[in-house]
Amino acid sequence: MSADQTKTLIHKVKELKNTLGRLQTWWRQQAKVRWLTEGDSNTAYFHSMASNRRRCNRINQVLDLNGELTEDPTTIEATFLHFFEQKWLHVNPSLDGWPSLADKPTLSTVARHSLLRPVTEDDLWNAVKSMKPNRSPGADGITSSFLTHFWSLVKTDVCSAMLDFFALGVMDPSWKETLVVLLPKSLNANSPELFRPISLCSIFYKIVAKLLVQRLQHILPSLISEEQSAFVSGRQISHQCFLAQEILHKFRFSTAKAGFMALKIDMTQAYDKMCWATLLKLLHGLQFPPQFIGWIMQCISSPSFSLLLNGLRSRPIVAARGFQQGCPLSPYLFILCSELLSLAFQQHGSELGIALSSPGPRISHLLYADDILIFSEASTIATNKVWGILDSYCAWTGQSINAAKSFVLFNNATPQWKKTRLTRLIGFPRVEEFTYLGIKLALRKLHKADYADIIRKAHSQIQAWGSHHLSLAGRAVLINHSLLASSAYIMSHALVPKGVLDALELAARSFLWQRSANARGMHYVDWASLCRPRNCGGLGFHATVTWSGPLRARFAWEYLQPHQSLFVRAMHGRYSENLFTCPARRSDSAVIKILRDGAASLLSVSRWRIGRGENINILADRWIQDRVFARLPTFIHSQLPDSMLLSEMLTEDGEWNRSKLLQFFGPSLVDTIMQIPTYPAVGRDRLELNFQHSGKTIASMAYAACFPSPSADFSWLSRLGLRPRERLFWWHMALDAIPTRCWLLRRGLTDSGLCPWGCPSPENRDHIMRGCSNVAAISRELH
Ligand SMILES: [Zn+2]
């Protein structure tokens, strides 16, 4: 290189650096673009930016009270105000004829005490911290990030305000001034009921609500029936969704003459219609301390709402019922009230419901927040009974059924005349299949087309992101945390056909490497390698087929635990309690297949803790040295029967029976076995995790176990503390996945592997890093 060329080069590099620096400042000033400070790895940011649900919140036209479209802002405001005033109007719920609360456990002294314990500074700080930062502020304009940032300055004032509230039990009306944002539920929403009201509460209100939630959460599990699984700690949407699938499986194959029916009930604006008098009576009935009830009622009663319409605040409306969507307390108070429905079913509808097997529990209804699913034999008597319960529940709470959005499904064995008659009696539309908690339920085998939504969603996500403005690192984050993650729920809860999973991976793969929808990009690294964990040289993508097993391992783990939910009890009546030895049958449901799949993944990360050995199969189960005996055939006597249980190797006292062991195993192995502790006093055999205290989830342990020994260790890469973009560059380098001449030659994309700058040697990674004399010269000049 000539002296002039060198000079120009140095000049150009300087210029570029300057421009980049200036650009960076400019970007930082664009407050909404936070790539630079928060890096490419800010997944929440990606989510918010990438969400294609972002809709225009302007309300341009609306159907007025006479049903005519209007664009006049005053009429639009009047229409909305009228609608919400009607909705939050006071009604008198019926407080008589309630189911008895006597069966409910009474609150212990300890529980009552914990509800009333004094508020400490730590409690406040936890409440403030638990709020999501940078959420839209309420009428007071204070966000939680403001409080966390200036906590040392404001904590004294915040504390004294809170202590005042908890001591006096009276809330300043200004705390209850709430802004209501209206989010359209569908495109082109043009009437008030097509908007979801979200409350932006003031910060003080939110702190109080959070403090009350923290106290309430602990005692809910003992008060709420197990049919309700939303918002109760320790209960899961998964169990609800599996239970519904399993019942539908029974629907499909049952030949019972009477037939079965399932009713899905939609309540019109369930949260907004709940009556406060109902809650008050219920809280007293459940023996909550009066002071605590006072705090709750102060929070929820008489809030003042101002609607935010096209950026302007309407005049305030004072509500007379309903729990606000956006207040942290609402979900908990709602499920407390919905407990009346469960109680009514338990006390007045014991003959309703369907049992999966004769010893198992009858399941009459499943609740998930305001989502109601009812099961019963198909008969006029049962229908009347269900209607009686629903009518009373509506009268007690102020709820009302939306008949147009509710529906009924009969199983195939129900006679046609009965279907017609009962449908007329029920008054809901009849369906053959429906979606419950995101999972499709039908009376037939589900096909690829039934899951087409997964692919459609993935493509529309990709389209919304676009690929022009995203770096490879950015695209990798989107794939892992959004594209593949968003289908994880369906993938783990339903038997999604492989074709769908393949199509999803294909979409992810093309998005990663393609520059635009039409251009074909170069795939530098194959998909299987990308799906390896980062310390094994991949990008940690979760390959759908490999991942579904580990995701399901948690379900299998819960199935094998001694404390059992309604779902597990119902399943145990029908299937074996030991998933590892549970034989596959043709009539098996999707749920048991999912659980068995999970168990197969669980096998690699768990072992049995021996109680009496009654659940442990000697050959098939893992109870020694983290191995399954069937995989170590040389150690065992060939006459050991396949079905032999470990209990036969134990004495009456639960100790190892040495002579019995010696019949089947070699002496040295027997010595090893004798070292394994047994816990006869516990009785039941229990599964335990191999790495109990690693802090990892079962799914991630099981996923890691799919990649046993990394051929090369890449953990150095994450230890360097680089930004995602830089890390990705070195990752490319380490994998030799860069378009050098040699690389291109291997793929047939060029005809010479020699360095294009005139060196006599091939251009490969080492050559461009240090071998190339041109590169060496340039870097000498630059330093
Ligand atoms: Zn060269």
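Helices α14 and α15 cross in a right-handed sense. This is a predicted model, and in it α14 covers residues 330–348 while α15 covers residues 380–397. Around that pair sits a chain of 783 residues, with 32 helices and 19 strands.

**The α14/α15 pair**
- Two packed helices are described by the angle between their axes and the distance between the axes.
- For α14 and α15, the angle comes to about 150 degrees, and the axes lie 10 Å apart.
- Angles over 145 degrees count as roughly antiparallel, so that's the label α14 and α15 get relative to each other.
- On the α14 side, the residues making the contact are C337, L340, L341, A344, F345 and H348.
- Facing them from α15 are I389, S392, Y393, W396 and T397.
- Sort the residues of this contact by type and you get 8 nonpolar, 3 polar and no charged.

**The annotated domain**
- UniProt, in an unreviewed entry, puts a "domain: Reverse transcriptase" feature at residues 164–441.

**The chain as a whole**
- Along the principal axes, the C-alpha atoms take up a box of roughly 95 × 85 × 60 Å.
- Some 33% of the chain's residues count as buried.
- Looking at contacts with a separation of 6 or more, 71% come from residues 24 or more positions apart.

**S565, in a loop**
- You'll find S565 in the loop that links α22 (544–559) to α23 (566–572).
- Is S565 buried or exposed? It counts as buried, because 20 C-beta neighbours lie inside 10 Å and the cut-off for buried is 20 or more.
- Setting aside neighbours within four places in sequence, S565 touches E226, R235 and H239.
- S301 is 264 residues away from S565 along the chain, and their C-alpha atoms are 35 Å apart.

**R746, in a helix**
- R746 belongs to helix α30, which spans residues 741–746.
- R746 has 12 C-beta neighbours inside 10 Å, so it counts as exposed; the cut-off for that is 12 or fewer.
- Between R746 and R612 there are 61 Å from C-alpha to C-alpha, with a sequence separation of 134 residues.

Notes:
Residues numbered from 1 in each chain as written. Predicted model: local features only at pLDDT ≥ 70, side-chain atom pairs only at ≥ 80, totals over all residues. Axes fitted to C-alpha atoms, helices over the stretch in contact; angles between N-to-C directions. Helix = DSSP H or I, 4+ residues; strand = E, 2+ residues; numbered from the N terminus. Parallel < 35°, antiparallel > 145°, perpendicular 65-115°, else oblique. Left-handed = near helix turned anticlockwise from the far one by under 90°. Contact = placed C-beta atoms within 7 Å. Nonpolar A, V, L, I, M, F, W, Y, C, P; charged D, E, K, R; others polar. UniProt positions renumbered as here; feature names shortened; annotations may be inferred.
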